[in-house]
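Good morning, and thank you for coming. Please look at the structure on the screen while I go through a few of its features.

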Amino acid sequence: MVNPKLKDELNDQLCEAVLKLETVEECYQFFEDICTISELKAMSQRLEVARMLRDHHTYDDIVSRTGASTATISRVKRCLNYGADGYSLVFDRL
């Protein structure tokens with residue numbers, strides 16, 4: 001279920017735009033334009049943290065591999081346990 005605080009016309013437009021991307025190269029082009037490098041790296045880091053948590057890695061392993069803070073790891077873990085299941089949806093399709 002979509003968080004009603006997020007659901008609006010602009011976020012719908014962003015989601016529709018992402019769905020139109022067809023290749024990894026197109027994704028790079030789009031995200032380079034729409035995000036700062038730091039924002040993109042943060043999203044990539046959170047995805048890797050989620051993958052590692054799902055694979056039962058320890059916080060120490062995750063910090064060592066990703067450089068993520070324990071606060072970031074905790075936030076991602078909270079999303080995995082109590083979030084909208086977006087990470088699971090993506091991992092099931094990768």
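Helices (H or I, at least four residues) and strands (E, at least two) are DSSP runs, numbered from the N terminus. The model is predicted, with local features needing pLDDT of at least 70 and side-chain atom pairs counting only at pLDDT 80 or more, while totals for chains, interfaces and linings use all residues. Residues are numbered from 1 along each chain as its sequence is written, and side-chain values use heavy atoms, without hydrogens and water.

I begin with Glu-48, which belongs to helix H3 (residues 37–54). Beyond its neighbours within four places in sequence, Glu-48 is in contact with Arg-65 and Thr-66, contact meaning heavy atoms within 4.5 Å.

Next come two loop residues. His-56 sits in the loop between H3 and helix H4 (59–66). The phi of His-56 is near 65 degrees, a positive value in a residue other than glycine. With a relative accessible area of 71%, His-56 is exposed.

Where is Asp-85 found? Asp-85 lies in the loop between H5 and H6. Its phi is near 70 degrees, again a positive value in a residue other than glycine. At 49% relative accessibility, Asp-85 counts as partly exposed.

Thank you for your attention.

Technical notes: Buried < 20%, exposed > 50% of the residue type's maximum accessible area, 1.4 Å probe, protein only.
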